[in-house]
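Please open the structure in your viewer and keep the selection tool at hand.

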Amino acid sequence: TGVQTCALPIFLFQMGPKAFPGKAVPVNSREILIIRLSSLGDLVLATSAMKVFQESGAKVSLLTKAEFAPLFEGQPGIKEVLVFDKRLGEKEARSRLFSELEARRFDLIVDLQNSWRTWSWRSELRRMAKVEVLSKPRIQEWMILWLRLGFMGFGRGGRARRFRDFAVSISMGEREDDSPLTALSVSAEEKEAVSGLLPQGDYVVVLPGGAWKTKEWPYFSDLARLIAREFPVVVLGGAKDWICESVAEAAREIHPESRTLHGKTSLKESMAVIASAKWVVGNDTGMVHVAEALGKPVAMIEGPTHPDMGFSPYRKESLAIGLPLFCRPCSKSGRFCYRLGSRACLKDLSAEFVAEQMRRGGFRC
């Protein structure tokens, strides 16, 4: 169509040299720093790029925000986790960071964040090492969100593949399309440390909270009752996710071994809880991506978001559940609603519908 003819050159222009450099840079046995400051989900998806560099023989370090650093501490293949602690103030945090980078002397710095902050660092970073920057797919996102051109979407796992392909273009490696895109690990000792908090035998983890309230599905309590007919439910969430209490209470009505660990576990401890779960269900949130990276089947409930945006789970055994509405996706965070704030994508997505989709996908509930 005429729309497709006009859109494609713009898309190709955006995905050009800045996104995937034409000249590949060998990285064997070199020191590489990957910059990805936030968010939790994007950091997990960025492990797809880390794997490529690790497999090429490079020594990989990561720079991220302080609150996300525990996710990668002790992860195989990551030499060191450097921290940008914005709580110190922008000037002080930047000064400390650059002092650390000067001492490390990296051969290559890969900016997977490409934000105003990392842009402001770029001249200083280039003084220290060669810098490669992954461009943001703004035009592609705009065409999906505002022109409804779903054929230009990223698809399930598309963001992780984009990170991986960028790393391949730099490292001159090969893409392994059949291998897991993302990867995290939890040690036997870490699992043992949280075992006393958990039910005996199989259990299911429910993640009803999230960083964006506009993506939170309101019927987790109803779903928890259905899941509890088959398994005890363990509800995980941060200190501010008070919804966890009511969800756990609903599950305990059916299975007395169900419980909440709301605000009681650190990020690493939450990973250990997830690593021993049967499967995981939650909103479109970072911890669901953590679960997939740990090899767990997940059911992601997508209200305003959509697989076209590339954040949906990618494993064959995982599910992305949402309603077939013309207004999905409305945005990456759900802040904008075509229906004047009615949130039909969430409110009309019943627990019975979600449970039926999960049963068809092999999730007992």
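Which residues make a nonpolar surface patch of about 410 Å²? Select Trp 142, Trp 146, Leu 147 and Phe 336, which make up this patch. Please bear in mind throughout that the model is predicted. With a relative accessible area of 40%, Leu 147 is partly exposed.

Remain in this loop and select Arg 148, whose place is also between α6 and α7. Although Arg 148 is not a glycine, its phi is positive, at about 60 degrees. Arg 148 is partly exposed, its relative accessible area being 31%.

Next, select Arg 159 together with Phe 154. Arg 159 lies over the face of Phe 154, at 4.1 Å from the ring centre.

The tour now turns to aromatic rings. A pair of such rings is described by the distance of the centres and the angle of the planes. The count for this model comes to six aromatic pairs. Select Trp 217 and Tyr 219, an edge-to-face pair at 5.8 Å centre to centre, with 90 degrees between the planes. Tyr 219, at 25% relative accessibility, counts as partly exposed.

Move on to Phe 231 and Trp 279, which form an edge-to-face pair with centres 6.4 Å apart and planes at 90 degrees. Phe 231 lies in the loop between α9 (220–227) and β7 (233–235), and Trp 279 in the loop between α11 (267–275) and β9 (280–283), so the pair ties together parts that are 48 residues apart in sequence. Phe 231 is buried, at a relative accessible area of 4%, and Trp 279 is likewise buried, at 5%.

Then select Phe 84, Phe 98 and Trp 121, which ring pairs link into a cluster.

The last stops concern the backbone. Select Asn 114, in the loop between β4 (108–111) and α5 (116–128). Asn 114 has a positive phi of about 50 degrees, although it is not a glycine. With a relative accessible area of 18%, Asn 114 is buried.

Where are cis peptide bonds found? One runs from Ser 38 to Ser 39, with omega near -15 degrees; Ser 39 is in the loop between β1 (31–35) and α2 (40–45). Another runs from Arg 328 to Pro 329, with omega near -5 degrees; Pro 329 is in the loop between β11 (319–321) and α13 (344–347).

Definitions and conventions
Residues numbered from 1 in each chain as written. Predicted model: local features only at pLDDT ≥ 70, side-chain atom pairs only at ≥ 80, totals over all residues. Heavy atoms only, no water. Patch = residues over 30% accessible without salt bridge, like charges linked within 9 Å, V, L, I, M, F, W, Y side chains within 5 Å. Areas by Shrake-Rupley, 256 points an atom, 1.4 Å probe, with all protein chains shown as cover. Salt bridge = Lys/Arg side-chain N within 4 Å of Asp/Glu carboxyl O. Buried < 20%, exposed > 50% of the residue type's maximum accessible area, 1.4 Å probe, protein only. Phe/Tyr/Trp six-rings, centres within 6.5 Å; stacked < 30°, edge-to-face > 60°. Helix = DSSP H or I, 4+ residues; strand = E, 2+ residues; numbered from the N terminus. Lys NZ or Arg CZ within 6 Å of the ring centre and 35° of its normal.
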